Amino acid sequence: MTDNNLRLVTVERTGTGHFTATNARGGTIAFGTGSDPDGGDTFTPVELLLAAIGGCSAADVDVATSRHAEPDRFTVTVTGNKISDEHGNRMTDLAVTFSVAFPDGEPGDRARAILPRAVKTSHDRLCTVSRTVEIGTHVTATVADA
C-alpha cells in the first residue's frame, strides 16, 4: 500500500458522547450519541455510515449525469434496520434510493437515460463505501501506548 492509497480520519472526544472527526485536509464533522447539549442534534455513527453510503453513490451518479444536464432535484435516501443478534449490533437491509429529476429537453433526456446505468455502476463497481460494506473487510482495533 502506498501513501496515495491511505485514508485517515482522527476522532477526538469533545465531551460526553460527543466527538469531532478530522480528515487529513482539515475538514471536520461533529457527531455523537444523537443529542447535543446546546439543543441541536448530531449525527450518530450509524447515521454517518448511511450518509457515507449515500454520499459516495450520489457523487458517482452526479458526475455521470450532470455532464449532460444540471438536475432540478437530486435526493438520495439511505435506509437500514439496526439489529442485535448472535453477530452483535449491526445494520441489515441497507437500501439506497435515488430521486432525481432533470429539465425537459435533449440534455435532460440524455441525463435521464444514463441515470439507471450510473446508479448500477456506482453500486456494482465505483462506490468505495458501499462496496466495502457489501464485500466486507476485516477491522482491527488496538490500544496505542499512552
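What follows is a short chat about side chains.

Modeller: This is a predicted model, where local features need pLDDT of at least 70 and side-chain atom pairs count only at pLDDT 80 or more, while totals for chains, interfaces and linings use all residues. Residues are numbered from 1 along each chain as its sequence is written, and side-chain values use heavy atoms, with hydrogens and water left out.

Biologist: Is S122 buried or exposed?

Modeller: S122 is buried, because its relative accessibility is 0% (buried is under 20% relative accessible area, exposed over 50%, partly exposed in between, with a 1.4 Å probe and protein chains only).

Biologist: Which contacts does S122 make beyond four places in sequence?

Modeller: Among them are C56, D60 and R131, where contact means heavy atoms within 4.5 Å.

Biologist: Switching topic, how many salt bridges does the structure hold?

Modeller: Five, a salt bridge being a side-chain nitrogen of Lys or Arg within 4 Å of a carboxyl oxygen of Asp or Glu. One of them joins R131 and E134 at 3.3 Å, N to O.

Biologist: Where do those two sit?

Modeller: Both E134 and R131 are in helix α3, residues 128-135, three residues apart or about one turn. Helices (H or I, at least four residues) are DSSP runs, numbered from the N terminus. R131 is partly exposed, at 21% relative accessible area.

Biologist: What about R90, which partner does it have?

Modeller: R90 forms a salt bridge with D85, with the closest N and O atoms 2.6 Å apart. R90 counts as partly exposed because its relative accessible area is 34%, and D85 is partly exposed at 26%.
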